[in-house]
Amino acid sequence: MFLINSAFFRYLATGDSLKTISFSYRMGHSTVYKIVRETCQIITENLMDELMPTPTEEMWENIANDFFRMWNFPGCIGALDGKHVTIQAPPNTGSMFFNYKNTFSIVLLALVDAHCNFIAVNVGAYGKSSDGGVFANSNLGKALHRGSLNIPDNLTIPNTDTQVPYVIVGDEAFPLKPYLMRPYPGDKLDDRKRNFNYRLSRAKRTSENTFEKLISLCTDGSPNMIGKYKGFVTLLSQNVKHEVLSFHCIVHQEALCA
């Protein structure tokens, strides 16, 4: 058991290749691969419901209150964004993982609250996919479209009689929906629209902050973790698929709670 735990945490802490770890611990390459993948999967399965539960109506209302209090955006129940995680191109995949940044990646789509906690994540979409396309095909996007996420009815904007639906906020990559707000397009906007875009971008910033914290937590910026060819993030998809990325979202949540 000690060797299993040691091999698992060494992989996460140093970004060593599975082959190097197998030599160090005198284990087979496939054995180390199985240890890392299954341990991440078990931790994710056992902690996901505790650290990222399906929100209740009361939880959505608390999230909206936090966004209004901290970011001055009423009725917001989450900030949505996608993050490209750079990988080595898996064999025989053509341009499936090739993204607009001219790198190969998988997409981490996340909905976060005002405190940079994950509410929901979708891991593993092809890098060539747009954020809007990933969202539309995700369980989160489909559940929002069906209205099956326990989201409360309309709220009244403070100091007015205007009722509006609860919404999530995103950037221009996402479509405008009754439950999804995006900025007004263009540069020649009046003061009212510019003010709205400013308020929305403040709320949306929480998702970007969350990704920055996630990267600092799982890589610490060290070359052996984010190196172009041998770093942990680079080897992520090639060696252990998507379980490790889901695991790091759980670790991020646990670290913030601690």
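This note goes through the aromatic pairs and the salt bridges of the structure above.

1. The model is predicted, so local features require pLDDT of at least 70 and side-chain atom pairs count only at pLDDT 80 or more, while totals for chains, interfaces and linings use all residues. Residues are numbered from 1 along each chain as its sequence is written, and side-chain values use heavy atoms, with hydrogens and water left out.

2. A search of the whole structure gives 5 aromatic pairs, where rings of Phe, Tyr and Trp (its six-membered ring) pair if their centres lie within 6.5 Å, and planes under 30 degrees apart count as stacked, over 60 as edge-to-face and the rest as tilted. One of them joins Phe135 and Phe174, whose ring centres are 6.0 Å apart with planes at 90 degrees, so this pair is edge-to-face. It links distant parts of the chain, with Phe135 in helix H5 (residues 131-137) and Phe174 in the loop between strand S6 (167-169) and strand S7 (180-181), 39 residues apart; helices (H or I, at least four residues) and strands (E, at least two) are DSSP runs, numbered from the N terminus. Both Phe135 and Phe174 are buried, where buried means under 20% relative accessible area, exposed over 50%, and partly exposed in between (1.4 Å probe, protein chains only).

3. Tyr184 and Phe196 form another edge-to-face pair, at 5.4 Å centre to centre and 70 degrees between the planes. Tyr184 lies in the loop between S7 and helix H7 (191-219), and Phe196 lies in helix H7, 12 residues apart. Tyr184 is partly exposed at 30% relative accessibility, and Phe196 is partly exposed at 22%. Together with Phe73, Tyr184 and Phe196 make up one aromatic cluster.

4. The structure has 6 salt bridges, each defined as a side-chain nitrogen of Lys or Arg within 4 Å of a carboxyl oxygen of Asp or Glu. Among them is Asp81 with Lys204, the closest N and O atoms being 3.1 Å apart. Asp81 lies in strand S1 (residues 76-86) and Lys204 in helix H7, so the pair ties together parts that are 123 residues apart in sequence. Asp81 is buried at 8% relative accessibility, and Lys204 is buried at 4%. A network of salt bridges links Asp81, Lys204, Arg205, Glu208 and Glu212.

5. Within helix H7, Asp191 and Arg194 are 3 residues apart, about one turn of the helix, and form a salt bridge whose closest N and O atoms are 2.3 Å apart. Asp191 is exposed at 57% relative accessible area, whereas Arg194 is partly exposed at 42%.
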